[in-house]
Amino acid sequence: MLSRPTSPSRATSPSRRTFLVASAGAALALGLTTTPASAGGRSPFGRYGSPSARLTERTLYVHPDGLGDHTTVQAAVTAATGAGYTLVIAAGVYRETVSVGVTDPATGLPGVAGTEMTWIGASEDPRDVVVVYDNANGKQKPDGSGTYGTTGSATTTVRTDGFTARWITFANDWLRADHPEITGTQAVAIKVQGDRSAFEHCRFLGHQDTLYADSIALGTFARQYYRDCYIEGDVDFVFGRATAVFEHCHFHTLARTDLAAAPYGFVFAPSTAVANPRGYLVTRSRVTSEAPDAYYKLARPWVPGSDTTARPMLTVRDTRLDAGIDAVAPYTNMSATYPWQSQRFAEYRNSGPGAVISVLENRPQLTDEEAESATREAYLGEWTPWKGC
């Protein structure tokens, strides 16, 4: 997503790459083999079977050292040539880009391959399974054909419907501090475009534009559900035009060494289509920060050049906002042409120092009656992914 350029870093921050590797276990941090063959005789695929004891004929196993059907996630995705596949992924850092869903070039819509796909982190701890790469908007492609752009920077791209992920970390560890010559600092961990996309107990790690919750086309209202997830970043790190519900999620804003003054960034940047009655809903969640108090805005509206009629929509309710959020002025403009006051931003019964209402016109609130329509049921309709949690 286009945003203001950032200044060169004055000091090198701890490497996101180091953090990711360390989080996946001591062996990974030391650069040793990613996963032992077994721990005390336990299968690296936990309770989810193995290639010799396959749960179903459409269950594929991924293991970085060759104990599964495939050693990379993309290889397993490519092998899943129909609908309804499950990928069981063993612990490891999978440094690769992954694309799910075959797109029909005539319509721009996903084909059958990859639909109703599920990814499962075998250890049931998202810190153990990390899919990560380090492309960025302004990074040159190896073939010399130009830069990646924001969409092209995504480590993982999901274009198909019915995608589910559990206990996976999706990350982009490109750092602006390492590349002061690049101004296109958007670096997406995952871009999700499919309808009925669900993420449970997942982590999304990055800096600018971490989670791109979008749709396959302007007229398509893709529904997405995030539950018990952790999402971190600095600039617009949850953005896009999807209808997305975030329930029991933890959003964390990062410290920055390249800026001397507030704001450091913005948590949400929705770009909801004007015809879509439902944008982003954040409920029963929390927002924490590494930054000084009031150095982050809760949101700013993104009206992209490809859709100048967009009316971004964000509702944050029953959520704790810690002191990192600017309580006096939690919203700001991305462009003066599209002021945030003209968009669909609202709050309801939030708590914490970042939720204190001191200037009422800066914090539009839902009425009790309006809040009855700001629910996961209203946003997601007949699709009820929480029942499978």
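How many bridges join strand β1 to β2? The answer is four, and these two strands run parallel. We will come back to this pair after a quick look at the whole chain.

## The chain at a glance

Welcome to this structure, which is a predicted model. The chain has 389 residues, of which 54% are buried. Its secondary structure comes to six helices and 25 strands. Take the contacts between residues at least 6 apart in sequence: 74% of them join residues at least 24 apart.

How confident is the prediction? The mean pLDDT of the chain is 89, and 86% of the residues reach 70 or more. Residues 2-39 are a stretch to read with care, as the pLDDT there is below 50. In the model, this stretch has 78 contacts beyond near neighbours in sequence.

Strand β2 covers residues 86-89, and both of its faces are covered. T86 and V88 lie on one side, L87 and I89 on the other, and all four are buried.

On one hand, β2 pairs with β1 (residues 59-62), where L60 stands opposite L87. To get from β1 to β2, the chain passes through helix α3 (residues 73-79), making a right-handed β-α-β crossover. On the other hand, β2 is joined by four bridges to strand β5 (residues 118-121), and these two also run parallel. Here the bridge partner of L87 is W119.

## The nonpolar cores

W119 turns up again in the largest nonpolar core, which has 65 residues. Along with F199, Y226, F246 and F251, W119 is among the members that touch the most others. A second, separate core has 14 residues, including A198, Y348, L366 and A374. In soluble globular proteins, nonpolar side chains tend to be buried together.

## A buried arginine

Is R223 buried or exposed? R223 is buried, because its relative accessible area is 14%, under the 20% cut-off. This arginine sits in strand β14, which spans residues 223-227.

Notes. Residues numbered from 1 in each chain as written. Predicted model: local features only at pLDDT ≥ 70, side-chain atom pairs only at ≥ 80, totals over all residues. Heavy atoms only, no water. Core = buried A, V, L, I, M, F, W, Y, C linked by side-chain atoms within 4.5 Å. Buried < 20%, exposed > 50% of the residue type's maximum accessible area, 1.4 Å probe, protein only. pLDDT = per-residue confidence, 0-100. Contact = heavy atoms within 4.5 Å. Pairing = 2+ DSSP bridges. Right-handed = clockwise from strand over helix to strand, strands pointing away.
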